[in-house]
Amino acid sequence: MLVLLVSCSHPSVISRDELHSILRSSISFTAEAETSLDYVLQGRSTQNFAAGHFHYMAHELEQSVKQLNQSKPSPGAEQAFANSLQDVKDLASELRAISFQTSDSTAIAVAKQRITEIRRALEKTSTSL
Amino acid sequence: MKKYLGITLGIMTALGGFLDLGQIVFTAQAGAYFSYQLLWAIVLGTAAIILYMEMCGRIAVVAHEPVFSVVRTCLGFRLGLFVLIASNLLNLITCAAELGGLAIVLHLLTGWPEKFLILISALTLGAMVQLLRFQWIERVFGLSGLLMIVFAVSALILHPDWKRLGSGLLPHFAFSSHKDGLLYAYFAVGIFSAMLMVYEVHFYSSGAIEEDWTPKDLKENFMVAALGSILGSLLTVALMAVAASVLFPRGIFPKLLSTTVLAGAFPFGKGGLIIALLGSLACVAGAAVETNLSGAYNFCQFFNLPWGKNRPINEVPTYTASWVGMLLLACVIALTGISPLDLVNVSIIFGMVIMPLTYYPILRAASDKNIMGKHVNSRFLTITGAAFLIVITVAAIAAIPLMIVTHWGKP
């Protein structure tokens with residue numbers, strides 16, 4: 001039990017492969033968010049579905065943020081790690097915010113722009129790894 | 001008319017296995033990552049489940065032996081008890097996951113809080129199981145599950161690449177990386193496994209006895225097993241096709257039920273989206289009822305206790321207590337907040353491990369002339385069944401190592 005507690009209190013090193021996997025998953029979420037925002041902008045989604053869908057996406061990303069917060073980067077990947085953490089955090093909060101504004105088309109358009117920027121940043125970090 | 005409605009047993013059984021919460025997301029993930037390259041796994045799984053569903057239905061009709069009674073006779077008490085415990089643990093986990101899945105779909109429809117919706121779902125399903133006769137349970141869930149046809153319509157509207165779809169009927173062996181090769185194997189095992197989930201044969205054989213089938217109905221048994229499974233399989237292919245058309249080109253790897261529903265409703269507006277949600281709701285609810293009742297059937301059949309959905313409660317007290325208890329326990333698990341998709345991933349992969357111990361007794365009983373008389377398996381059926389059993393065993397051995405090396409199928 002003691003060993004378990006000690007190992008839980010120390011952040012584990014996240015490998016490049018694991019970080020890459022988180023980045024790929026986050027890039028996938030940006031593509032999904034862009035597609036979903038278009039669908040909502042075209043008036044084809046119900047409000048409950050849109051709010052729920054963005055809420056679930058944000059929740060998944062928050063889990064990744066939690067995982068990153070409990071880890072430390074492998075040597076040489078410090079910058080990529082810091083960038084990833086920031087971008088995934090930004091994406092999660094963007095999606096969390098939009099889940100409350102699914103009927104506001106201006107907010108959706110602005111969010112889409114921001115998410116596209118986050119996607120580019122994530123892709124850049126992923127290539128640099 | 002009654003004969004035609006008998007097919008709903010096959011439809012509900014197949015949809016509950018092929019299109020439950022886990023399989024909806026799992027198939028979409030396979031389509032989103034490998035496009036149509038895993039189509040062959042659906043075809044192989046469909047052929048295997050038709051063969052074994054027909055066999056267990058035939059055993060139930062001819063020998064009046066449901067699957068778990070066959071398992072106990074063939075494997076003996078100790079090993080049989082192990083299979084019973086493992087099967088019912090999987091039924092419990094799957095039922096809990098499906099309750100969580102119901103709450104997700106209902107949340108997407110209503111916006112109400114999920115925990116409240118888990119309670120509502122469990123109460124509604126409990127009331128339906130209690131109040132409806134078996135035939136009506138299969139009709140309600142089998143027919144409402146057909147709303148998933150919206151995925152097939154969507155797949156056609158999106159103009160699937162027929163050439164790539166055709167080439168997916170054969171396994172693929174060239175991959176860009178070793179990791180992709182392992183992922184491909186993981187998804188192949190997962191898809192095959194989900195199509196053969198053991199609760200399908202438990203439910204189907206018990207259903208044949210609940211419906212009082214006689215040897216005169218053996219032709220119908222084959223039709224019900226084949227048509228129900230083919231329909232379920234076509235809808236699974238549609239799900240993969242929708243993912244290949246909508247998610248694959250955009251680089252989206254679905255991790256949520258809502259992503260799959262959105263892909264299914266992609267060419268449509270609000271109406272299509274609501275139908276896709278209701279179809280998913282029906283399939284997930286059907287799977288919850290199927291696993292819930294299977295747990296009670298298994299327990300009573302193993303210990304030779306009276307069972308039957310259509311019998312009065314005072315004649316089948318253990319059976320009633322079993323399904324009620326299991327539903328309550330599943331509800332408690334779902335309320336703990338464990339992700340339903342994590343739960344169902346566990347059930348798919350660990351379900352694979354106990355499959356050989358369920359399908360071997362079925363094959364042995366169906367090939368035994370002393371049990372089956374003139375309705376014994378033909379040589380062709382026995383050889384084909386044995387070949388599938390070898391595939392099932394290989395997949396069972398590979399399931400857990402593949403799960404570990406791919407980190408549960410993470411790309």
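# Report on chains A and B

Just after helix α11(B), Asp212(B) has a positive phi of about 55°. Helices and strands are DSSP runs numbered from the N terminus; a helix (H or I) needs at least four residues and a strand (E) at least two. The model is predicted: local features need a pLDDT of at least 70 and side-chain atom pairs count only at pLDDT 80 or more, while totals for chains, interfaces and linings use all residues. Residues are numbered from 1 along each chain as its sequence is written, and chains are lettered from A and ligands numbered from 1 in the order in which they are written.

The table sets out the lengths of the two helices. The expected span of a helix is 1.5 Å times one less than its number of residues.

| Helix | Residues | Length | Expected span | End-to-end C-alpha distance |
|---|---|---|---|---|
| α3(B) | 21–34 | 14 residues | 20 Å | 20 Å |

How many residues of α11(B) are buried? The count is 12 of 13, so the helix is largely enclosed by the rest of the structure. A residue is called buried if 20 or more other C-beta atoms lie within 10 Å of its own, exposed if 12 or fewer do, and partly exposed in between, with C-beta atoms placed from the backbone. The buried residues of α11(B) include Tyr199(B), Glu200(B), His202(B), Phe203(B) and Glu210(B). In α3(B), 14 of the 14 residues are buried, and the helix is mostly covered.

## Chain B as a whole

Chain B has 18 helices and 0 strands. Its C-alpha trace spans about 55 × 50 × 45 Å along the principal axes. A compact globule of 411 residues would have a radius of gyration near 22 Å, and the 20 Å of chain B agrees with this. That radius is taken over C-alpha atoms, and the globule rule is 2.2 Å times the number of residues to the power 0.38.

Of the 411 residues in chain B, 57% are buried. Two residues are in contact if their C-beta atoms, placed from the backbone, lie within 7 Å. Among contacts in chain B with a separation of 6 or more, 86% are between residues 24 or more positions apart.

The largest nonpolar core has 188 residues, of which Leu99(B), Ile191(B) and Ile362(B) touch the most other members. Its largest share, 19 residues, comes from α5(B). Such a core is a set of buried Ala, Val, Leu, Ile, Met, Phe, Trp, Tyr and Cys residues joined through C-beta atoms within 7 Å. In soluble globular proteins, nonpolar side chains tend to be buried together. Setting aside neighbours within four places in sequence, Ile191(B) is in contact with residues including Phe26(B), Thr27(B) and Ala30(B).

Leu147(B) lies in the loop between α7 (134–144) and α8 (149–157) of chain B. Is Leu147(B) buried or partly exposed? Leu147(B) is partly exposed, because 18 other C-beta atoms lie within 10 Å. Beyond its neighbours within four places in sequence, Leu147(B) is in contact with Ile275(B), Leu278(B), Gly279(B) and Ala282(B).

## Where the chains meet

In chain B, 20 residues are in contact with 21 residues of chain A. The elements of chain B that give two or more residues to this side are α5 (67–110), α13 (257–264) and α14 (270–302). α5(B) gives the most, with 4 residues. The residues on this side of chain B divide into 9 nonpolar, 7 polar and 4 charged. Here Ala, Val, Leu, Ile, Met, Phe, Trp, Tyr, Cys and Pro count as nonpolar, Asp, Glu, Lys and Arg as charged, and the others, Gly among them, as polar.

## Chain A and confidence

Chain A has 5 helices and 2 strands, in the order α-β-α-α-β-α-α along the sequence. Its C-alpha trace spans about 55 × 35 × 15 Å along the principal axes. Of its 129 residues, 39% count as buried.

pLDDT is the predictor's confidence in each residue, from 0 to 100. Its mean is 94 in chain B and 92 in chain A. Within chain A, confidence is lowest in helix α1 (residues 2–9), at a mean of 47, and highest in helix α3 (residues 47–69), at 97. Over residues 1–7 of chain A pLDDT stays under 50, and the model has 0 contacts beyond four places in sequence for them. Where pLDDT is low, the predicted coordinates should not be read in detail. The model scores ipTM 0.92 and pTM 0.93.
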